[in-house]
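We will go from stop to stop, picking a few residues at a time.

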Amino acid sequence: MSQISSHSQQDSTKRTDRQHLCNSTPSPSLSPAPPGQNCRAPLVRFIQMDNFRNMALPNASLLLFVLQMCAFAWQAWARVDLRMEDTVEVYMDYSAEIPCLYNFTKKPTTVMIQWFVRERDGRRVRISFSDLTMQKVDEGTSYSDRISVRSNSDGETLTIQDVKLSDEREFFCQVSGLAAGNDEGRTLLKVFDNPEPPVIEGVLSGVSVSDDSLAKIASCETREGFPKPNITWYRDHIPIHPANGLANMVTLVTRESSGLYTVQSELQYKVTKEDKDAHFSCEVSYFVPGAVRTSESKGINITVHYPTTSVEIWKESPEGLVKEGDTVEIRCQGDGNPPAPIIFNQEQSDVELDSYQGLLVLKEVSRADSGVYECHSLDADAVNHDEVVDTLQLIVHYLDPAVVVPKESEVMLKGESLTATCNALSSLETTTVWFKDGIEVGRGHIMQLQDATFDTAGQYDCEVSVASLPGLLTSGSVHIIVQGSPQMKDAEREIELTEKVGGWVNLSCEVRGYPKPTITWSITGSQSQSWREVVKRETEEQVQSVVMLKVTTDTVAVCNSTNDFGIETKTYSIRSIPFSQTPTARKTSVDNSGVIIVVIIVSILLLAILGSVFYFLYKKGKLPCGRSGKQEIINAYSTKEKTNKDDIVVEMKAKTEESVLLKGVNGEQKPPIDQNSTLSS
């Protein structure tokens, strides 16, 4: 805050009598000297008159001395206290108020107040005058149209409108109460204007740590501020101070035509590798009324060039373990900037491998590509030109084709045992699973087949996989052949049948064995031309034969199945029956519900007719009415109904035989003219 100036009586007595006389006008009606006018003329006239009187009246010296002493005593008793602020601070284009406060110890008869301003050349120019009768702003000055004076009981306040930078100067307030005392005070008006926010720019090219001298890394500029702003540099918010060989700031200050300042600062810096991640900024500090403010720029990162000190090599793809057939990408990167050229080679080999910008691609790798790979940085700026290298161990995993023992196929006898193995050479632990017809039958490299049967025969597949590396899979197979004598598929070896003479039957024989059995039929009883083979199916180890036989008499049909290991037979014994007899052979019943319904309806109709006849005879009186007569009628009716039911049962059985005889092989319907009956074991 500005200070208030108070001038004591002692300060006022230091002024010369000449000034006092100049400021003290004998008559209040007289106007003070106009601006710039010299007030020494009245004083000269007064001195000349005084000298004349001294010369004319030498005896009056003592009287003059007494008068002077009285005047000094009067001045010591009559004085004025004047108070003004040392400084007044204001923003440019705003209004400034400068107070001038005074207090007389003795009430003056009149008070004159004059305002002055100090020009650039040091002269003082009056800009305002007032007394008890008038108040006037002097014309012809730079403040004539921009100032106003406001009076009150304590003094006056000078107001300056639309403050300019040129208004930063001293303003004087001169108060005169004539005999009541006079004094003068001054105030310095200070003008402020905020600068624009700082603008920072980093160098576009990189800065090398190898440079011996300081290098320009950034510049900072702030425009149009008053008074002159200051620029401070920061690295990661820590101030940078000038240091010999480490940092230096070059500042350029420009005074614009408007009077405002533009400040430019250039940061020269000795960069290190650690500066690659640092952020540099500048801060502008400037004065405002009663305070100091700052404005910080954005942070920038500079490009630092430094040599490579280390490299890193890694497998970029595939993720995880590598197997044969994969495409492998190996990346190598150094810590230098700009990145130095990278080359690859295998350990113990000087042959440079083809790569591009630090990437080595190995397509469809095999186990031969396993080994140690090296990457080298070729940085010309490396310290002492030492070679920088890093290595990577590459392992290509593999799984060889599965080897199955026994190979391809194996023949074994029924009841024997067999041990089969499935192995595959691999760089990792493997798992083996055995399958037959798509169904898992075992796990492990070894499969045991005990007490072989014909069901044991078939193809066995083994799959070898690597659990830790999906995609590594191989397989093999073995075909097992079981040799043995023929074996009938059905459990029954002797089957008895009955069939009416002239009927047809189908006889089936299905047998397994290896080598493939041969089936022959031996039929005795019926004529040789009365049977024929209608079905014959053969596989590698199974044969099926179906013959159709016309029964003419009791017949024995034998199915003979033979191979190198033995013979197996199946016998059909067929008993023929004439047409008048009901066959007793096992036959399949058909649905006779329709026949039963017809029989029931016919029976009901017959009963109705019979009842009507009996009723008619009863009415005519031709039937006996006693209990014995009724009983005879009832017995006669019961006997007739029983006879009809027996006939119906016989008819149903006959129809069932016919329907069974019409069925052919595998459930196919035979034509009625053939009158066949299919009975298979």
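Start by selecting glutamate 440 and arginine 443, whose side chains meet in a salt bridge with 3.1 Å from N to O. A salt bridge here is a side-chain nitrogen of Lys or Arg within 4 Å of a carboxyl oxygen of Asp or Glu. Glutamate 440 is partly exposed at a relative accessible area of 40%, while arginine 443 is exposed at 55%. Buried means under 20% relative accessible area, exposed over 50%, and partly exposed in between, with a 1.4 Å probe and protein chains only.

Before moving on, note that this is a predicted model, in which local features need pLDDT of at least 70 and side-chain atom pairs count only at pLDDT 80 or more, while totals for chains, interfaces and linings use all residues. Residues are numbered from 1 along each chain as its sequence is written, and side-chain values use heavy atoms, leaving out hydrogens and water.

Now select strand 34 (residues 439-443), which runs antiparallel to strand 33 and is joined to it by 4 bridges. Strands are DSSP runs of E with at least two residues, numbered from the N terminus, and two of them pair if DSSP finds at least two bridges between them. Arginine 443 turns up again here, as the bridge partner of valine 433. The two strands form a hairpin with 2 residues between them, and aspartate 437 in the turn has a positive phi of about 55°.

Next, pick glycine 415, in the loop between strand 31 (408-413) and strand 32 (418-423). What does glycine 415 touch, not counting residues up to four places away in sequence? Asp451 and Ala452, where contact means heavy atoms within 4.5 Å.

For another salt bridge, select arginine 146 and aspartate 167, with closest N and O atoms 2.9 Å apart. Arginine 146 sits in the loop between strand 6 (135-137) and strand 7 (147-152) and aspartate 167 in the loop between strand 8 (155-160) and strand 9 (170-176), so the pair ties together parts that are 21 residues apart in sequence. Both arginine 146 and aspartate 167 are buried. For a network of salt bridges, show Arg118, Glu170 and Arg186.

Turn to the largest nonpolar core, which has 33 residues; Trp115, Leu158, Ile160, Phe171 and Val175 touch the most other members. Such a core is a set of buried Ala, Val, Leu, Ile, Met, Phe, Trp, Tyr and Cys residues joined through side-chain atoms within 4.5 Å. Strand 3 (residues 96-104) gives the most to this core, with 5 residues. A second, separate core of 24 residues includes Ala215, Ile240, Val263 and Val288.

Finish at the open sheet of 4 strands in the order 38-44-43-40, with mixed pairing. Strand 38 (494-500) and strand 40 (518-524) stand at the edges with a single partner strand each, so one side of each is left without a neighbour in the sheet. Zoom in on strand 40 and strand 43 (residues 555-563), which pair in the antiparallel sense over 7 bridges; isoleucine 519 stands opposite serine 561 there.
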